[in-house]
Amino acid sequence: MKLCVAFDLSSFDECVNLAKELKGLDIWIKIGLRSYLRDGVRLLEEIKKIDDFKFFLDLKLYDIPNTMADACEELARLDVDMINIHASAGQRAMMSIMERLSKLSKRPLVLAVSALTSFDESEFITLYNQDIKNAVCNFSKISYESGLDGMVCSVYESLLIKENTCKNFITLTPGIRPFKEDSDDQKRVANLQCAKENLSDFIVVGRPIYKAQDPRKICEDILASI
Ligand code: C5P
């Protein structure tokens with residue numbers, strides 16, 4: 001299991017300082033909407049100078065197939081290690097993306113977001129007219145058949161996805177509160193033990209790390225535990 005740290009901080013300098021604090025640790029860095037929209041490629045380049053971190057660019061793309069394939073090709077050229085899209089963009093979009101990326105000499109892992117971890121069951125049903133587990137089964141089957149590498153999901157769907165696809169199909173699980181911290185706006189949260197039992201391949205931890213007094217210590221404790 002790998003630790004992916006969400007760099008959702010409020011300025012370029014804070015992100016760069018956090019990377020300096022975490023230098024040398026075996027972590028992935030997740031750059032999401034806030035940081036990428038504000039700082040763009042400049043942030044990736046600056047952090048790359050600090051250490052040989054792996055990057056997950058979490059932009060959760062959702063558009064028509066051709067636009068998504070174009071966008072994913074551009075992201076692949078940024079030399080990041082993982083990108084993601086919304087599974088609800090559908091099979092044609094996923095297939096166009098994978099076909100396009102297959103023409104490159106190197107491509108990032110591509111994951112599909114199933115159901116956001118901030119949804120609880122009733123909120124999800126109101127929007128999608130089906131329960132989370134059914135939707136996740138459907139999304140993961142389509143994503144797997146389209147050649148994607150895995151899913152973004154809550155810990156509680158990780159095993160189900162692997163059972164429905166194959167055990168090497170990656171699950172990346174946000175909503176992790178390693179040591180029972182505040183769940184913030186997340187609804188389907190889980191601790192490290194639960195993530196392990198459910199065979200999560202990547203756990204994503206943001207606020208419990210970057211809002212802590214000593215982010216490096218929390219990361220070290222998580223790494224020791226996983
Ligand atoms: O601070 P926290 O640990 O809740 O951060 C979780 C991160 O994972 C955020 O960057 C959020 O955008 C992202 N994420 C999520 N749920 C998903 C997909 C991504 O929380 N389903």
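Where does Ser-146 lie? In this predicted model, Ser-146 sits in the loop between α7 and β6. Although it belongs to a loop, Ser-146 has a relative accessible area of 7%. Anything under 20% counts as buried, so Ser-146 is a buried residue.

What does Ser-146 touch there? Setting aside neighbours within four places in sequence, Ser-146 is in contact with Gln-91, Met-94, Met-95 and Met-98. With one of these, Gln-91, there is also a polar contact of 3.3 Å between the side chains.

Let us follow the chain onward to helix α8, which covers residues 155-164. Val-155, Glu-157, Ser-158, Leu-160, Ile-161 and Lys-162 of this helix are buried. Which elements do the buried residues of α8 pack against? They pack against α7 (132-145) and β6 (150-152), and also against β7 (170-173) and α9 (192-197).

Now turn to another part of the chain. Two packed helices are described by the angle between their axes and the distance between the axes. For helix α1 (residues 12-21) and helix α3 (residues 41-50), the angle is about 25° and the axes are 9 Å apart. Angles under 35 degrees count as roughly parallel, and α1 and α3 are therefore roughly parallel to each other. The crossing of α1 past α3 is right-handed. On the α1 side, Phe-12, Cys-15, Val-16, Ala-19 and Lys-20 make the contact, while α3 contributes Arg-42, Leu-43, Glu-46, Ile-47 and Ile-50.

Conventions
Residues are numbered from 1 along each chain as its sequence is written. This is a predicted model: local features need pLDDT of at least 70, side-chain atom pairs count only at pLDDT 80 or more; totals for chains, interfaces and linings use all residues. Side-chain values use heavy atoms; hydrogens and water are left out. Buried means under 20% relative accessible area, exposed over 50%, partly exposed in between (1.4 Å probe, protein chains only). Helices (H or I, at least four residues) and strands (E, at least two) are DSSP runs, numbered from the N terminus. Contact means heavy atoms within 4.5 Å. Axes are lines fitted to C-alpha atoms, for helices over the stretch in contact, and angles run from 0 to 180 degrees between N-to-C directions. Angles under 35 degrees count as roughly parallel, over 145 as roughly antiparallel, 65 to 115 as roughly perpendicular and the rest as oblique. A crossing is left-handed if the near helix is turned anticlockwise from the far one by less than a right angle, and right-handed if clockwise. A polar contact is a pair of N or O atoms within 3.5 Å; within protein, one must be able to donate a hydrogen and the other to accept it, and residues adjacent in sequence count only if both atoms are side-chain atoms.
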